[in-house]
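Please open the structure in your viewer and keep the selection panel at hand. The stops below are meant to be followed in order.

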Amino acid sequence: MNLSKLSSLLQAEPKYRFVQVNKAVWQDFISSWQEVSSLPKNLREKLDAECPLAITAEIDKNTSKNKSVKALITLADGESIETVLIRQKDKRNTVCVSSQVGCALACEFCATGTFGFRRNLKAEEIVEQVIFWSRYLKAEKKNEKVDNIVFMGMGEPFLNYNEFIKAAKFLNNPETLNIGARRMSVSTAGITEGIKKLAGEKMQINLAISLHASNDNLRRDIMPIAQKYNLHEIFKTVDNYITKTGRRVMFEYLMMKDVNDSDKDALELVKLMKKPLYMVNLIPYNPTGRFRASNRERIEKFKKILEENGVAVTVRLSFGADISAACGQLRGRKK
Ligand code: SF4
């Protein structure tokens, strides 16, 4: 899909054409300009030629019957990115979007990290992932739509901050998809500059921190970026964010067997997390190589320790495996 030319192509048209085009692309989710019969034929042909709406993507057949469906989108330059549609029981739909091709942070537990960094995505390439799933839902004819967006796919969103926030604002715009800011979440490995910038935004996007360890030593071992941003600095920045925004912050914690899932780890985590508006999200791990997953009993015990010590905690049992550690596996298979 090439939308960068759209406004310039419509410059010479009457203003109401913008309204027709916006509705067709962002609300009716057309996949060809020929579907917009209210546009003159010559304009439809021009748009088809210069601003095609096709999105090249492949649904992962292994996931298409599941609650989470994964797709690999091929971009104009041939690079590919993963995106996931997470279907909830209440018929709400969350889209997990990638913000970069590959990732420079090389977390040991993540398939994306093994590719290295290829390039940043442009805002329209981030938006395109939401459009892809919106069209998918429309084709099902079940009257469902995309309700939530999580910036938790391939890449570190805060290392592509400008395009990430541009995409978020675009998706939030009532004239496009009108997805509420509170229905969007962004996850960072702890890039404090990005947390500070987000605190200064008017949009109330939810913030999540990929924590995954209860001390700097272990965190440095599994997340090389922890050498630059230690826990003290991250928590100081998060506390300032909370003071400024009054918003809750989610700390994500992948449960990896014999790595970070002992009772001792849980008690150490309690000391870090006993703060107002801090919340822990335990995520069952989907192994990508070096680590194994904690079993269900271990996760429940870990959760119990946090709860008994007054820490707000949830377990993401339904879709964590697809949208976190497993991100990058599909791209890896195709390559
Ligand atoms: S977990 Fe996130 S930050 Fe870490 S390598 Fe994977 S995509 Fe990058």
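**First stop: E108**

Select E108: apart from neighbours within four places in sequence, E108 is in contact (heavy atoms within 4.5 Å) with D221, I222, R290 and F291. The model is a predicted one, in which local features need pLDDT of at least 70 and side-chain atom pairs count only at pLDDT 80 or more, while totals for chains, interfaces and linings use all residues. Residues are numbered from 1 along each chain as its sequence is written, and side-chain values use heavy atoms, with hydrogens and water left out.

E108 sits in the loop between β5 (100–102) and β6 (117–120); helices (H or I, at least four residues) and strands (E, at least two) are DSSP runs, numbered from the N terminus. Now display R290: its side chain makes a polar contact with the side chain of E108, at 3.1 Å. A polar contact here is a pair of N or O atoms within 3.5 Å; within protein, one must be able to donate a hydrogen and the other to accept it, and residues adjacent in sequence count only if both atoms are side-chain atoms. For D221, the C-alpha to C-alpha distance to E108 is 8.0 Å, across 113 residues of sequence. E108 counts as partly exposed because its relative accessible area is 35%, where buried means under 20%, exposed over 50%, and partly exposed in between (1.4 Å probe, protein chains only).

**Second stop: the ligand**

Select the ligand next. Which residues surround the ligand? They are C103, L105, A106, C107, F109, C110, G113 and G155, each with a heavy atom within 4 Å of the molecule. The shell comprises six nonpolar, two polar and no charged residues. In this classification, Ala, Val, Leu, Ile, Met, Phe, Trp, Tyr, Cys and Pro are nonpolar, Asp, Glu, Lys and Arg are charged, and the others, Gly among them, are polar.

Move to helix α4 (residues 123–140), where Q129 is placed. Is Q129 buried or exposed? Q129 is buried, because its relative accessible area is 0%. A polar atom of the Q129 side chain lies 3.2 Å from the backbone oxygen of E125. Beyond four places in sequence, the residues in contact with Q129 include I73, I81, V95, C96 and L121.

Select α5 (residues 161–172) and α6 (residues 192–199): their axes come within 11 Å and cross at roughly 35°. The axes are lines fitted to C-alpha atoms, for helices over the stretch in contact, and angles run from 0 to 180 degrees between N-to-C directions. Y161, F164 and I165 of α5 meet G194, K197 and L198 of α6. These residues divide into four nonpolar, one polar and one charged.

Continue with α9 (residues 263–273) and α10 (residues 296–308), whose axes are 9 Å apart and pack at an angle of about 35°. On the α9 side, the contact is made by D263, D265, A266, L267, L269 and V270, and on the α10 side by R298, K301, F302, I305 and L306. Seven of these residues are nonpolar, none polar and four charged.

**Last stop: two positive phi angles**

Most residues other than glycine have a negative phi. Select F29, in the loop between α2 (15–27) and α3 (41–50): F29 is not a glycine, yet has a positive phi of about 55°. F29 is counted as buried because its relative accessibility is 15%. Finish at L277, in the loop between α9 and β11 (278–284), where phi is positive at about 70° although L277 is not a glycine. L277 is partly exposed, with a relative accessible area of 36%.
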